[in-house]
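Please find below my note on the model under review.

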Amino acid sequence: MPPLKALAALVIFLGIASILLQQRYWLPLSSKGKSTLYGLQQSTAGVHHSEEFFLLNYEAMEKDLKVFVYPGGNPKTCYHSIDKKLKSNYASEHYFFMNLRNGSFLTENPDEAHLFFIPLSCQPMEDQDALPRYKEMVIQNYVRALTIKYPYWNRTLGADHFFVSCHGIGNRATAAFPFLLKNAIRLVCSPSYDSNYIPHKDVSLPQILELSFPPEGDGMWNDSTMESLPIQLSPVETHPSRTKLCFWAGSPNSEVRKNLRVHYKGLEEFEIHFVENVKRALVLDTFQKEIHRSKFCICPRGKTQVGGVCLAESMAFGCVPVIMSDYYDLPFNDILDWNAFSVILKEHDVPIMGEILKGIPEDMFEKMRQNVLKVSKYFKWHFRPVKYDEFHMVMYELWKRRHIIRY
């Protein structure tokens, strides 16, 4: 390379480096085969991209946001459940509507609403075998009825409407009524850029499994003790000695998970457990001690996407998440700086993952772990909504999309 070009390249590199040194990045240094080697950059930033901006807008959201819920839900379906021990991969759907119903954002006057909630999963659905596309037709007929009875959908073709899309029915319904997918805001439990998820319009809804049990001696469920997993922890468990490098347990149902088995199964520093066709709640119950003593928790892409449940587990146990899913839209990533409290790698970086994690200095890991504890409040659900909990964070994401239309 000519001397002048080499000098120009050096100046550009130093300029970029000076910017990157203000934050912590996994900066590609070189490639070896399919894997990229990374160098770790130190971060001086907090857990938010702009904490001042977030706090100001959050207060405005709490004060002003109003949501109108369309009628028509079936009292026997999940959104109207009074069962406080919900155990399901779709528990976030249940808790979202319970919180919406118990919170201060509801309005019975649609003319003052910023947004309109379509309770799709509330619609009557028969469990037994039905006609082909029966459920899709029910959804289509319900939404079409709303467009006839109310003027609000037709003002924007649904652009100021939203619904939850964790149940399979929510996904299939979009095929029956295309504007639900194209225009309406979807709260999606497993958002991925390589699916029909639309970034900047749709919202990532982090998954959790169930509510925790109350402290010992409290034989009754009550609003003050209701919160999402894990169960109440002792002081020793809250600050455990982390003697293992990383943890993961689950089914090897994707290439990245199969590669984890190839490279790390049986190694002493790695708590890697492969279990076939087991419910995530059972995994959590079985391996709580292993999570407690691990520094990092691996969140790899599964058959469809990285499970939001894995992220919530990591946050709750103070375990730094290692995210290995190339197209996953991280929850609240326009608010939170995930580089401050997680390690984000490519799926093909499985072979060098161990070396990357070992290369993180202890003081940097401890800073990341402290940041995990700071942001964990954003990934908790409560029976009664609590300031800055997951329900409020989701509502904040919706609040930022309210500007689509106001008449």
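1. The model is predicted, with local features requiring pLDDT of at least 70 and side-chain atom pairs counted only at pLDDT 80 or more, whereas totals for chains, interfaces and linings use all residues. Residues are numbered from 1 along each chain as its sequence is written, and side-chain values use heavy atoms, with hydrogens and water left out.

2. Strand 8 (residues 244-250) is largely enclosed by the rest of the structure, because seven of its seven residues are buried. Buried denotes under 20% relative accessible area, exposed over 50%, and partly exposed in between (1.4 Å probe, protein chains only). Helices (H or I, at least four residues) and strands (E, at least two) are DSSP runs, numbered from the N terminus.

3. Strand 8 pairs with strand 9 (residues 270-274) in the parallel sense over five bridges; pairing requires that DSSP find at least two bridges between two strands. Within this pairing, A249 has H273 as its bridge partner. Three bridges join strand 8, also in parallel, to strand 10 (residues 294-300), where C297 stands opposite F247.

4. The largest nonpolar core has 78 residues, of which F96, F296, M353, M395 and L398 touch the most other members. Such a core is a set of buried Ala, Val, Leu, Ile, Met, Phe, Trp, Tyr and Cys residues joined through side-chain atoms within 4.5 Å. Helix 15 (residues 390-399) supplies the largest share of this core, seven residues. The core lies between domain 1 (51-209 + 387-401) and domain 2 (229-378), because both give residues to it; the domain bounds come from an automatic or database domain assignment.

5. The structure holds 15 salt bridges, each defined as a side-chain nitrogen of Lys or Arg within 4 Å of a carboxyl oxygen of Asp or Glu. K358 and E269 form one at 3.2 Å, N to O. This pair links distant parts of the chain, 89 residues apart, with K358 in helix 13 (residues 350-358) and E269 in the loop between helix 9 and strand 9.

6. In the salt bridge of E271 with R293, the closest N and O atoms are 2.7 Å apart. E271 counts as buried at 8% relative accessibility, while R293 is partly exposed at 31%.

7. K295 and E362 form a salt bridge with closest N and O atoms 3.1 Å apart. K295 is buried, with a relative accessible area of 14%, and E362 is partly exposed at 48%.
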